[in-house]
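Please look at the sequence and structure first.

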Amino acid sequence: MMPTFHQLRRLKPTTALIALIIFILNNLQSIKATTATTTTKMAAAATTNQANNPQSCTNPTKFDFLTDLRSKYPHQPVFLQAVEEMALSIEPLFSDPVNGNFYKKAFLYLTEPERTISFHVPWMDDQGVQHVNRGWRVEFSSALGPYKGGLRFHPTVDDGILKFLGFEQIFKNSLTGLPLGGGKGGSDFDPKGKSEGEIRRFCESFMTELCRYIDASTDVPAGDIGVGGREIGYMYGTYKRLANKHGEGVLTGKSPLFGGIHLRPEATGFGTVYMAQHAIEDKLKRSLEGTRCAVSGSGNVAQFASKMLIQLGAKVVCVSDSNGVLVFEEGMTNSDLEQIILAKTVERARLSALETRVSGKYIPDHSPWTLPTLNVDFAFPCATQNEIDGKGANLLIQKGAMGVFEGANLPVTTEGQEVLRAHRDVLYIPGKAANAGGVGVSGLEMSQNASRTYWKREKVDVMLKDMMAGIYQQMKDNAGEDGTLEEGCNRAGFLKVAQALKELGWVY
């Protein structure tokens with residue numbers, strides 16, 4: 001038995017040291033066995049974690065120049081997934097005999113944020129109890145303009161998730177043609193179940209810290225999951241009080257009453273459908289009318305993607321939330337959609353509470369991508385990252401799905417992407433292009449604020465349609481005759497930023 005602290009205190013220092021050495025020598029084998037057991041358990045736990053999260057597995061033998069990045073961020077699997085997905089799409093550029101080495105250096109440069117800001121967010125609930133959440137702003141790249149990207153309030157948010165979103169944002173913003181850099185921010189605060197007062201107090205505290213880092217020419221946040229017009233309004237109100245600046249384009253997604261732009265809430269969902277429309281008409285020589293479209297999620301993007309699909313004559317066969325799926329075999333009606341929007345934006349209710357108010361059937365504990373009998377022509381994943389895994393992608397292929405258009409950011413896992421890439425006849429447009437309409441209209445809101453002008457809804461819709469058409473053309477041009485739209489999207493976004501880095505003298 002090891003001598004206790006009190007026993008050692010009663011001994012002379014030399015005698016105590018000898019006693020410890022004797023104990024260690026006598027128990028060396030036991031210590032080795034314990035260490036080996038602990039190591040084995042840790043390895044087993046790591047293996048189990050990898051098995052339970054297959055999307056977190058990256059290919060350690062692919063792209064040797066990313067080895068250092070992998071070794072630094074093994075705890076940020078979704079960020080590494082986003083990096084490797086991008087690298088796969090632009091892999092031919094790395095082999096270019098003239099510029100290949102430069103492209104590798106530019107890509108590596110873009111994998112590290114220029115700045116990451118973290119802070120605490122103290123707030124008080126309705127019972128007078130104080131809570132403290134974490135807040136971040138990842139300012140990833142300013143090569144093309146001020147950092148631009150949303151704020152996400154969700155319990156899964158951490159610096160790794162925000163790095164993945166910020167990295168994607170760089171190339172998405174590049175595709176819009178607007179002078180926008182890439183960034184992302186948010187907090188692990190969960191708005192679900194919170195009162196109006198609690199959300200307001202949290203937003204005020206969050207902006208009290210964030211306001212010192214943002215400016216119309218530096219960093220312009222917007223909304224994302226958990227951050228809609230209400231939250232943007234509370235944060236902008238706090239900014240106005242603190243900064244005594246009014247009419248500033250320092251946040252986008254504002255109400256038109258104080259500088260916001262028409263169509264911003266609809267822009268991401270509408271833009272995703274406009275993009276799908278271009279691809280379907282160009283590649284498949286058909287329209288969306290009469291097709292069966294599966295939409296996941298039931299938030300802002302899913303709501304307005306569904307609205308535009310219905311307007312174009314498509315049948316929206318489902319929407320979902322984290323608890324289940326609301327299925328409309330004959331297609332969602334406008335009345336159904338109104339009830340969903342009311343539940344999600346006013347009542348803050350779950351879809352399970354709507355079954356008696358809509359024509360659909362609620363199926364708990366499923367997603368649109370796990371329902372074997374739901375026939376689908378086109379998939380619109382609009383919920384969150386990694387929602388379609390390899391099994392879900394295979395199920396879509398078996399059903400005869402002709403296209404996947406990402407309304408969310410990186411909603412398809414690595415394995416799901418491999419399935420879609422193996423079926424090159426299936427249209428696959430990643431979120432960098434498909435959902436770029438949201439940030440595009442945010443950029444237009446910044447322009448509107450800077451020029452102290454006001455644009456009508458019809459004009460903004462025309463500008464959004466033109467932007468999505470331009471992004472589609474960039475994808476086609478960069479895909480070439482043999483490439484896919486996914487490859488064309490990523491190449492177009494990367495090449496523009498890489499050229500900016502070169503001309504700025506930041507990478508050489």
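## Helix α5

Helix α5 covers residues 77–89, and its 13 residues should span 18 Å at 1.5 Å a residue, which agrees with the 18 Å between its end C-alpha atoms. The expected span is 1.5 Å times one less than the number of residues. Helices (H or I, at least four residues) and strands (E, at least two) are DSSP runs, numbered from the N terminus.

α5 is mostly covered, with 11 of its 13 residues buried. Buried means under 20% relative accessible area, exposed over 50%, and partly exposed in between (1.4 Å probe, protein chains only). Among the buried residues are Val78, Phe79, Leu80, Val83, Met86 and Ala87. Glu84 and Glu85 are buried too.

## Basis of the model

The model is predicted: local features need pLDDT of at least 70, side-chain atom pairs count only at pLDDT 80 or more, and totals for chains, interfaces and linings use all residues. Residues are numbered from 1 along each chain as its sequence is written, and side-chain values use heavy atoms, with hydrogens and water left out.

## Phe107 and its neighbours

Phe107 sits in helix α7 (residues 100–110). At 0% relative accessibility, Phe107 counts as buried. Leaving out residues up to four places away in sequence, Phe107 touches Phe65, Leu66, Val83, Met86, Ala87, Ile90, Phe94, Phe167 and Phe494. Contact means heavy atoms within 4.5 Å. Ile90 lies 17 residues from Phe107 along the chain, and their C-alpha atoms are separated by 9.9 Å.

## Helices α14 and α15

Helix α14 (residues 390–398) packs with helix α15 (residues 414–422) at about 25 degrees, their axes 7 Å apart. Axes are lines fitted to C-alpha atoms, for helices over the stretch in contact, and angles run from 0 to 180 degrees between N-to-C directions. The two helices, α14 and α15, are therefore roughly parallel. Angles under 35 degrees count as roughly parallel, over 145 as roughly antiparallel, 65 to 115 as roughly perpendicular and the rest as oblique.

α14 contributes Gly390, Ala393, Asn394 and Ile397 to the contact, and α15 contributes Glu415, Gly416, Val419 and Leu420.

## Cysteines

How many disulfides does the structure hold? The count is 0, where a disulfide is a pair of cysteine sulfur atoms within 2.5 Å. For Cys293, the closest cysteine sulfur is in Cys318, 9.8 Å away and too far for a bond. Cys293 is buried at 0% relative accessibility. Cys382 is also buried, at 7%.

## Whole protein

The protein has 19 helices and 12 strands. Of its 508 residues, 51% count as buried. Among contacts between residues at least 6 apart in sequence, 72% join residues at least 24 apart.
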